[in-house]
Amino acid sequence: MVMYLQPPRSGVLAGLARPTFVFLAALIAAEAVVRIRGPFAGAACYALGFVVLVNVTFLAYRRFDGEGSRWRLAAVAGVPFLDRLLVLSVPPFRWGAYEVSALWGLPLLATAIAIGRPPLVPRPARLLGQPVAAARFGQPRPGTSRILAVQVPITALCLGVIAAVSLPSDTARIEGGPLIAVAAVVFAFCVQEWLYRLVIQPVAAEVWGERIGMLTTSALVAFASIAALSELVPIGPGVVVPAVAVSLLLGVSTTHGIPLAVTILGRGLFTLCVVLASIIR
Amino acid sequence: MTGTTALTIALTTLSMRNLSPLYFVPLVALLVLLLERELIRAFSGPGARAAIWILGVATLPLLVAFAVLVALRLNYIFGAS
């Protein structure tokens, strides 16, 4: 009899490969349903995914008795599903002749406040404080930190200008978009950024390490923000590439100890450029 | 007054027919989670407290979304009248 010895599949990465694959497949499938079958079917898929992940969180919590990071990972995995569900299904508000889809920022704000604290996030980062994920990644000197804190919003603004210039010329103008509508849209995207950086990034960093955690979170933020932007402006490569770049930039800045407020400011400036471009054109 | 008539009057008064079915998707998810929470509370076993906490946190954003929907609906009804 021949026995083949296999190396033990130890390590968190090996154990989480299949759930991660299932999660990504479900997210892509739900977004494909949105594009092919319409927002109602897509929102139903996202709602189903969210309810399933809530139950998986509960089961993981019970199985591991609230210890470890698996139940945390299951909990934060529900955030992108909830985010897309809300973006698709929270009704737009009307301001005169203007109709804007931005009120999904309010439930996301409630989510960030509710779950961005222990026990899910053991040491939540304050808006002006240093993110926890930066602790082992390498802390810059105070001078470097200040320079980075200025550079990040400026770079995000430049990327926003590039995205705004790249908008298709046949983009429907947002007629008479009032300031409050623009502010509501920017606020919603800022809350989205805050939720992902406050909740998902520390948990992902705890499981996979800072770099992969940052890359994962940045990919999820890029996906969520591009999908939400597509409700407002037509999306092309000229918008997608800067949006991915700004998500990556904000992720890197978070891991380098830049306060979350600066990251949120960067997201706000990027969104402001894209939204203003559709008004001014 | 039959049930159908009452429902028709209620739908007309609240202008519910103008609502897209899309807006009800998070409400269905909310109802499912609330129902699950109540069932767990009723048949409370080991770990029920954690389950109730997790379900409570999960329902919060959906409750806020419901509040937003109601507020917009009230604004639509009273703004139109």
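I began with the order of elements in chain A of this predicted model. Along the sequence, I read α-α-α-β-β-α-α-α-α-α-α for chain A. That comes to 9 helices and 2 strands in chain A.

Next I looked up burial. Chain A has 281 residues, and I noted 47% of them as buried.

I then turned to the contacts within chain A. Counting those with a separation of 6 or more, I found that 78% join residues 24 or more positions apart.

Which residues have the most contacts inside the largest nonpolar core? I listed F50(A), L85(A), V185(A), V199(A) and V274(A), in a core of 101 residues. Helix α6 of chain A, residues 179-208, gives the largest share of this core, with 19 residues.

Setting aside neighbours within four places in sequence, I found V199(A) in contact with V76(A), V79(A), A112(A), I115(A), G116(A), L120(A) and V121(A).

Last, I checked where the two chains meet. I recorded 23 residues of chain B in contact with 29 residues of chain A. On the chain B side, the elements that give two or more residues are α2 (25-42) and α3 (48-80). The largest share of that side comes from α3(B), with 13 residues.

What kinds of residues make up the side of chain B that touches chain A? I noted 22 nonpolar residues, 1 polar and no charged.

Methods: Residues numbered from 1 in each chain as written. Chains lettered and ligands numbered in written order. Predicted model: local features only at pLDDT ≥ 70, side-chain atom pairs only at ≥ 80, totals over all residues. Contact = placed C-beta atoms within 7 Å. Helix = DSSP H or I, 4+ residues; strand = E, 2+ residues; numbered from the N terminus. Nonpolar A, V, L, I, M, F, W, Y, C, P; charged D, E, K, R; others polar. Core = buried A, V, L, I, M, F, W, Y, C linked by C-beta atoms within 7 Å. Buried ≥ 20, exposed ≤ 12 C-beta atoms within 10 Å, placed from the backbone.
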